Amino acid sequence: MPSKAKTGKKLVIVESPAKSKTIAKYLGEGFIVEASIGHIRDLPQPSELPADLKKTSVGKFAVDIDNDFKPYYVVSPDKKKKVAELKAQLKDADALYLATDGDREGEAIAWHLLEVLKPKVPVYRMTFGEITKEAIHRAMDNLRDVDQDLVDAQETRRVLDRLYGYEISPVLWRKVARGLSAGRVQSVVTRMVVDRERERMAFKAASYWDLTGQFGAGSGSFKAKLAMVDGAKVASGRDFNDSGELTSRNAVHLNEELATSLAAGLQDADFRVRSVDTKPYTRRPAAPFTTSTLQQEAGRKLRFSSKSTMQVAQRLYENGYITYMRTDSAALSNEAITAARRQASELYGPEYVPASPRLYSGKAANAQEAHEAIRPAGDSFRTPAQVAKALSGDEFRLYELIWKRTVASQMADAKGSTATIRLGAVAEDGRDAEFSASGTVITFPGFLAAYEEGKDESRGDEDSEEARRLPNVAKDDALTASEIAAVGHETSPPPRYTEASLTAELEKKGIGRPSTYASTISTIQDRGYVRKQGSALVPSWIAFSVIRLLEQHFHDYVDYEFTADMEADLDKIANGQAEGPAWLKHFYFGEDSNPGLLSIVNNLGEIDAREINSIPITEGITLRVGKFGPYLESSVPTVDAKTGEVVEAARANVPEDLAPDELTATKAVELMETAAPEERVLGTDPHTGHAVVAKNGRYGAYVTEIIPEMTEEQLANLPVEYYKNGKPKPPKKPVKAKPRTGSLFASMSVDTITLDEALQLMSLPRVLGQDAEGNPITVQNGRFGPYLKKGTDSRSIGSEEEIFTITLEQALEIYSQPKQRGARAAVPPLAEFGPDPVSEKNIVVKEGRFGPYITDGVTNITVPRSTSLEELTREQAVELLAEKRAKGPVKRKTTARKAPARKAAAKK
């Protein structure tokens, strides 16, 4: 068979179309650059497996647990066309270059392409940290094979996540609620947020007092704070624990009375300087960005979510503006160091650049394979001004942040001095009071001329001493005192995590992979475990139930150290120091004294679902997580005042926007006392004999009928079915009849609705009659108000009360008019947030058919379910619009009209 003729073409495969366009510019002729658009194959759902595999060891997870946990991969249905296109391109190529990202995920994509395409031409693995001409040419000079160790590590991780999720999630479905999910990292991150809320719930504030005063010297005045009384340190917030107890033995705890009397006794006291201490101040720049620190800083300074940060960074990387954005390394290449130092010198002066380059190497506990830090791309950096016209608003802001951080990292230290003045006097009652004031003066800004790192919220109660210049005083100088006042304080609970502070804590603990933090934090919000309140992350009550179950029955799998150790083990597999199948066998089947996941799941014993979903709030009141959300229940039996009978325990719904730490004992009692009656019996339907009740549900008040259960006698009289052999079949459980229901009108309430009104509501929809063509016309109530319905044609009517008064003639008159769209009076927006930074059009929130949505008149995005309108901020609205804008317009499927078949030409 003749060998394939050489074509001179080389096929290069990357992940994304944007990346392929940028690379194609630098490779030139002879290279065809195609995008796989992410992974081309993955583990299928077990239900999608071929029938002959479902009953084998592959059937449970799409992983062969009896044969070294070998995954069963399938090409994704939406990627079959792409695979066919790549195979067609490969037929005409003399070589294949796999140029996917250089991390584990990218290595796995390259391996899957190799396995599916089965190339018969030379294959080269090509990696680069930035998409520039220089980087692409360097990559072509350093080609290699696919790294099988990295592939094994990623495959082990994928199988591990399948085992974890598929074994533990069903337990949550049975004991908490359907649709919940457990995840190796997801559940641990949820636990961290829940643990912080538990700390806030257990927190007891402590009250303490101190004094402040304004003091004058010949060269100026300054503010100072009481530091010591009779030689003992004055207690501040950090001297109390979360139980409100003073933990510092040598500190004096001032209450209001002591502080007020001391302030009064110092009004005419003789104040003098007791000491002046001056120390040199030096501050070093922060290291260049890693994935984790970029997410943290973008959250603090730009108010980006972790997800939004990574999406914008991805676009910047793919279009050649920054280096690869998934990295644990803070190191810079020699070319980058030279570029940063040169730019700092040009922009700020040579004195702003230290004599020798700064080298950064510190890595996280779970550091991935080495990449360079995130920095501007190229061997010389483009300033933000040079790229401003080419970037969108969010892209420019993130690029500027990365550029500033990179340049600052190679600049000189900030220099200055910190002065501390101690001053004091003796009060009228003989107590000695010593005040303190500190201030730092920057004499040489160094890197601060370019960039200053942001900070997360902390519990410290000290005033910032930065950039406060104190007057020039000496020991024993006399001072004038004014405005000496007693000031009261309360200790504050641990601050809730923000996305930035949660990311920092995850990295500190070595949990998960920094490159996946954004998707993990997004997932726990999408699942309803966590919601945002401003920038703070607040857990839901269902998250409390999930974590409680996992802590009690799967303790190790939500343990912080255990999870970090798993990451370390996966790193060993990536480094070729361990084998994936052996590690998975130990994890799933266990050995010796270490039970595996399978053993734990099979020996769970009885789990009390009611106990798991119950949280005591105060004596006699328990919060329960129910099918339709959380509610409060009284443990004290309720007695009917008329009959004296004990009825069902009183209940009260918990407002969705109430954070768990805000549900105090006082608030719980208030909710119980103000709760509307949960259920009120209205009477009996004369036609059916069924009781009719009005109830307060989670989604509003409604009426329904109570259909009694079948009696034993009725069950016994049901017809018996028989098998073919004549034996009777076991009796089937009778299908429950669906009760009629009806939502109350806005003008009605559970307290006042009558039986006749309830029967009317349950009779809806009301049939008015038929039109001339025999089409039935009905009237009913809907989410957007009352309306008429004729087939698929719906028409709104004026008020809910008209539902029971409108006639067929009136309905026909409405249908005789052309259907009006948008003819209603303009509805004011639900919220306004000012102009969008990209479109410069006003951002508003409107009520839509599927709920509230954000729009700038050009781009629309639904408000996430996890965010209430009251919590929605301008920053979130801008971010959501930017994310939607980045995805581009939705591609709608269109059905092509089939062309008529051509007749075959007659043979001559």
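In this predicted model, a polar atom of the Thr704 side chain lies 3.2 Å from the backbone oxygen of Arg740. Thr704 is placed in strand 28. With a relative accessible area of 7%, Thr704 falls under the 20% cut-off and therefore counts as buried. Beyond its neighbours within four places in sequence, Thr704 is in contact with Ala691, Val692 and Val693, with Pro739, Arg740 and Thr741, and with Met762.

Strand 28 covers residues 700-706 and is joined to strand 29 by three bridges, the two strands running antiparallel. Within this pairing, Val703 stands opposite Gly742 of strand 29. The sheet is an open one of four strands, with the order 26-27-28-29 and antiparallel pairing. Strand 26 (679-684) and strand 29 (741-743) form the edges, each pairing on one side only. On average, and with direction ignored, neighbouring strands of this sheet are turned by 20° against each other.

Another part of the chain shows a packing of helices. Helix 1 (residues 17-27) and helix 5 (residues 133-140) have axes that come within 9 Å and cross at roughly 75°. An angle from 65 to 115 degrees counts as roughly perpendicular, so helix 1 and helix 5 are roughly perpendicular to each other. On the side of helix 1, the contact is made by Ile23, Tyr26 and Leu27, which meet Lys133, Ile136, His137 and Met140 in helix 5. The residues of this contact divide into five nonpolar, one polar and one charged.

Key: Residues are numbered from 1 along each chain as its sequence is written. This is a predicted model: local features need pLDDT of at least 70, side-chain atom pairs count only at pLDDT 80 or more; totals for chains, interfaces and linings use all residues. Side-chain values use heavy atoms; hydrogens and water are left out. Axes are lines fitted to C-alpha atoms, for helices over the stretch in contact, and angles run from 0 to 180 degrees between N-to-C directions. Angles under 35 degrees count as roughly parallel, over 145 as roughly antiparallel, 65 to 115 as roughly perpendicular and the rest as oblique. Contact means heavy atoms within 4.5 Å. Ala, Val, Leu, Ile, Met, Phe, Trp, Tyr, Cys and Pro count as nonpolar, Asp, Glu, Lys and Arg as charged, and the others, Gly among them, as polar. Two strands pair if DSSP finds at least two bridges between them. Buried means under 20% relative accessible area, exposed over 50%, partly exposed in between (1.4 Å probe, protein chains only). A polar contact is a pair of N or O atoms within 3.5 Å; within protein, one must be able to donate a hydrogen and the other to accept it, and residues adjacent in sequence count only if both atoms are side-chain atoms.
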